[in-house]
Amino acid sequence: MTYQHLIVERHGPVGWLINDRPDVRNAMNSAMRDEFADAWSELDADPAVRVIVHTGNGRDFQTGVDVSELASDGIGMERYRQSMEDFDVHFTSWHQGVWKPVITAVNGICCGGGFHWVADADIVIAASDAQFFDPHTSVGQVVAVEAIGLIKKMPVEAVMRMAFLGKYERMSAQRAYELGMISEVVDPPDSLRDRAQELGETIARNSPAAMAATKKALWGALEEGLTDACKQGAKHLVSMWGHPDQTEGPSAFADKREPDWKPLQ
Amino acid sequence: MNYQALEVLRDGPVGWLIFDRPESGNAIDARMFTEFEAAWRELDDDPKIRAIVNTGNGDCFQTGLDVKQLANDPEALRSSSRQTRDFTLRITSWHCGVRKPVLAAVNGVCAGGGLHFVADADLVIAADNATFLDPHVSIGQVSAFETIGLLKKAPMETVSRMALLGAHERLNAERARQLGIVSEVVPQAALRQRAAELATSIAERDPDLLRLSKQMHWNALEVP
């Protein structure tokens, strides 16, 4: 498939989804929103892709919805409003039910709607000069879906502070690391993609089927209390029983060789 | 009761539940698997015991199911499979409904199923050489209960990273402390002494209040 606002690449087992509107700091217009849905599905459907990295071209990662388009295009605004009201959205890996591991690699600024891809990734790393803030309330908008996703995954105070301070304060990559919002600060910043690729290749050494079931168990757990989450986790755990990877893993370990995993169905 | 794969000790008001298969990284074999419930129950039911410390003998804290050993014991394997499928496991204090405060003292490697005992403890401290990893997906297995328990209590990204990187990365004790997975890191040689101090201090509080507090905190995790 060809995309106008995204770049989709493959490097070994790692699929790359790259925001490509650098002239507007990768803000998401209506066309880009539609392309996200296709790009996630394309990478998810490709058995050669075992891990997906998401980053941005240019100086910044993502700065949310392209407000200038919303303001100038009545149809786009209406469509966006309706999709959010119905929560019928398809622009992150979580929205699209991608069960391959997803690494978000934040370059430069990640603000507002950009947090969707921080909240919805499995692993988040950032360049040492990355900055995080949520300007919604500074421009008369409500902070909602992105912040709800973050609150489920990290200390709430930090999320509330970003919501209420809006564009008047930025969180550094270092602070995001301290809070467990991200797990790695990459320095120098221009080595971010190399590190993301390396991390992706490491994860690609693990069983694709076991990782998919694990992901389902973990993300499902956000929807439930502890005991119910464990009960639904048991279903995902049991779903792997009898899968060839369950015997291949231990025998490869015993033989001290790399396992030969079955590709995801 | 006599245990083969666990040690159960008492020191004043503090009960100790110690993994005791140091030659196998304290991995859970069929015996340990069946001894857990009785050990937790014994300490929880003993009116003289007011706090419980859980740690391991040797270099490792706990490295999860000893799958090789279990495979030789079809009855134990069936039982562990059934308890996994139905989520009726009885290996941690939470599974066994222990009402007293439980402090995990992580004395070294804590891998895979070992994370159960971190997720399900009330307090966790660690030796400075302790490491945490979840190798399940590197050997074709699914990670669920341990990581679900952890993600209810710690930043999720840390947990999903650990689950997806498998055997290829370890979280060190200091980073676990920063993230609030453990609350104290002490030199390895001082770990048991520090655990005893903390448990003794906790044991001085009103046991009814401790029991109610524990119950309320864990109940809060039952809300989505």
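Student: How many residues of chain B are in contact with chain A?
Tutor: The model is predicted: local features need pLDDT of at least 70 and side-chain atom pairs count only at pLDDT 80 or more, while totals for chains, interfaces and linings use all residues. Residues are numbered from 1 along each chain as its sequence is written, and chains are lettered from A and ligands numbered from 1 in the order in which they are written. Contact means C-beta atoms, placed from the backbone, within 7 Å. Chain A contributes 46 residues, and the number from chain B is 37.

Student: Which helix supplies the largest share of the side of chain B that touches chain A?
Tutor: Helices here are DSSP runs (H or I, at least four residues), numbered from the N terminus. On this side of chain B, α3 (74-85), α5 and α6 each supply at least two residues. The largest share, 9 residues, belongs to α6(B).

Student: Is α9(A) largely enclosed or largely open?
Tutor: A residue is buried if 20 or more other C-beta atoms lie within 10 Å of its own. Among the buried residues of α9(A) are M211(A), K215(A), K216(A) and L218(A). Their cover includes α10 and α11 (245-255) of chain A, together with α5 (145-151) and α6 (156-165) of chain B. Since 12 of its 14 residues are buried, α9(A) is largely enclosed.

Student: How do α9(A) and α10(A) run relative to each other?
Tutor: α9(A) covers residues 208-221 and α10(A) residues 226-238, and their axes, lines fitted to C-alpha atoms over the stretch in contact, are 9 Å apart. The angle between them is about 165°. Angles over 145 degrees count as roughly antiparallel, so the two helices are roughly antiparallel.

Definitions and conventions:
Axes are lines fitted to C-alpha atoms, for helices over the stretch in contact, and angles run from 0 to 180 degrees between N-to-C directions. Angles under 35 degrees count as roughly parallel, over 145 as roughly antiparallel, 65 to 115 as roughly perpendicular and the rest as oblique. Two residues are in contact if their C-beta atoms, placed from the backbone, lie within 7 Å.
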